[in-house]
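Please read it alongside the sequence and the model.

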Amino acid sequence: MADITQIIRFDELSSKSSPIHDLEGRIKLISTILIIIVCVTSKELFIPIIIEIMLLTILKIADLSYIDSFKRLLLLLPFGGAIIIFQPFIQPGNVLWSYSWLTVTDGGLNWAILLLARIIATLTAIIIYSSTTPLQEMASSFRKLKMPRDLAMILSIMVRFLFLFVDELAAIRKSQKSRNFDIHSNKTSYKWRVKQVGYTIGMMFLKAYEQGERVHKSMVSRGFSDASEMFDEKKSPEKTDYIYIISIIIIVIIFEIIIFKYSGQLGYIGQNLSIN
C-alpha cells in the first residue's frame, strides 16, 4: 500500500518560497494550461523538446529536486504512456520491421516518439504547478477563473478536508501495525490480507460519509445554503506575475516562428511527425 501521507509532504513542498512559488495562483495555472495546449498541438519534436528544456530551467529556479520530480514523472507516465507502446504497430506507414503478424512502421514510430515528447513536457508542467502551488491555492485559482460554482464548492471542501482523510487513514494503519498486520507478510494467506484491506477501504468510506454529514450540518447551522458563495482572498497579480506569463508567451511565439521558417534546417526534430 502506497504511503498516502506523502501528500502532506507535497503540500509542504508547495508552500516554500521561491520566484516560482511566490507567483499568483491564476498566473501559474494559466501558464501551465498554455504550455499544455502548445505541447499537445505541436506536430514537430522541436516544440516539446525546447519547452521541456525551458521547464527544467523553471524547475531549477523553483529550487525543486530534479530527482524527486523525475520520480513523480515516472509514476505518472504509465497513465498516458501506455498508449504509446502500441502506436508503432497500429499506425500506417512504411514497414521497418516485421515478425509474423507484428509490423513496425515508420509513421507509427514517429508518432510514438512525438506522443512521448508531448506527454513528458505536459507532465513536467503539471509537476511544476503542483509542486509550487498549495492545494487550497489551486482551488482558489480555479474559482477565480470562473469554474462552475458547484464544482468550485466541491473542490474547495475536498481540499479542506483531504488532510483529515489522510489523518484518519494514518490512524487506522497505525492501529493495524500495532497489531502486527503487514500487507506484504507471507505469514498469512493472501486472501485474508486482501480482505483486511477491503475492510479498511470500507471503514474509510463509512468515516467519510459520517464526516460529510457532520460537516454539512455544521455548515447549515452557520447559514449555508444553495445561494452561499465561497470566500476568495483578493490578491491581484503583481509585476513579476505579468513578466512571467508574458515571457512564456513570447518564448512560445519565438519557437513557433523558428519552426515555421527554419523547419527544413532543424532536421528530424523539425519534421511533421503527426498522423494525418
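## Burial and overall make-up

Of the 276 residues of the protein chain, 35% count as buried, where buried means under 20% relative accessible area, exposed means over 50%, and partly exposed lies in between (1.4 Å probe, protein chains only). This is a predicted model, in which local features need pLDDT of at least 70 and side-chain atom pairs count only at pLDDT 80 or more, while totals for chains, interfaces and linings use all residues. Residues are numbered from 1 along each chain as its sequence is written, and side-chain values use heavy atoms, with hydrogens and water left out.

The secondary structure comes to nine helices and two strands; these are DSSP runs numbered from the N terminus, helices being H or I with at least four residues and strands E with at least two. From the N terminus on, the order of elements is α-α-α-α-β-β-α-α-α-α-α. Among contacts between residues at least 6 apart in sequence, 74% join residues at least 24 apart, a contact being heavy atoms within 4.5 Å.

## Helix H3 against helix H5

Two packed helices are described by the angle between their axes and the distance between the axes. The axes of H3 (residues 46–61) and H5 (residues 106–132) come within 9 Å and cross at roughly 20°. Axes here are lines fitted to C-alpha atoms, for helices over the stretch in contact, and angles run from 0 to 180 degrees between N-to-C directions. H3 and H5 are therefore roughly parallel; angles under 35 degrees count as roughly parallel, over 145 as roughly antiparallel, 65 to 115 as roughly perpendicular and the rest as oblique. The crossing is left-handed, a term used if the near helix is turned anticlockwise from the far one by less than a right angle, with clockwise giving right-handed.

On the H3 side, the contact is made by Pro-48, Glu-52, Leu-55, Ile-58 and Leu-59, which meet Ala-117, Arg-118, Ile-120, Ala-121, Thr-124, Ala-125 and Ile-128 in H5. These residues divide into nine nonpolar, one polar and two charged. Ala, Val, Leu, Ile, Met, Phe, Trp, Tyr, Cys and Pro count as nonpolar, Asp, Glu, Lys and Arg as charged, and the others, Gly among them, as polar.

## Helix H4 against helix H5

H5 also packs with H4 (residues 66–90): their axes come within 9 Å and cross at roughly 155°. H4 and H5 are therefore roughly antiparallel to each other, and the crossing is right-handed. The residues of this contact comprise 14 nonpolar, eight polar and one charged.

## The aromatic pair

The structure holds one aromatic pair. Phe-46 and Phe-255 are edge-to-face, at 6.2 Å centre to centre with 80° between the planes. Rings of Phe, Tyr and Trp (its six-membered ring) pair if their centres lie within 6.5 Å; planes under 30 degrees apart count as stacked, over 60 as edge-to-face and the rest as tilted.

Phe-46 lies in H3 and Phe-255 in H9 (residues 239–262), so the pair ties together parts that are 209 residues apart in sequence. Phe-46 is buried at 8% relative accessible area, and Phe-255 is buried at 12%.

## Two aspartates

Asp-241 is in helix H9 and is buried, with a relative accessible area of 2%. Leaving aside residues up to four places away in sequence, Asp-241 touches Leu-23, Glu-24 and Ile-27.

Asp-63 is in the loop between H3 and H4 and counts as exposed, at 53% relative accessibility. The phi of Asp-63 is near 60°, a positive value in a residue other than glycine.
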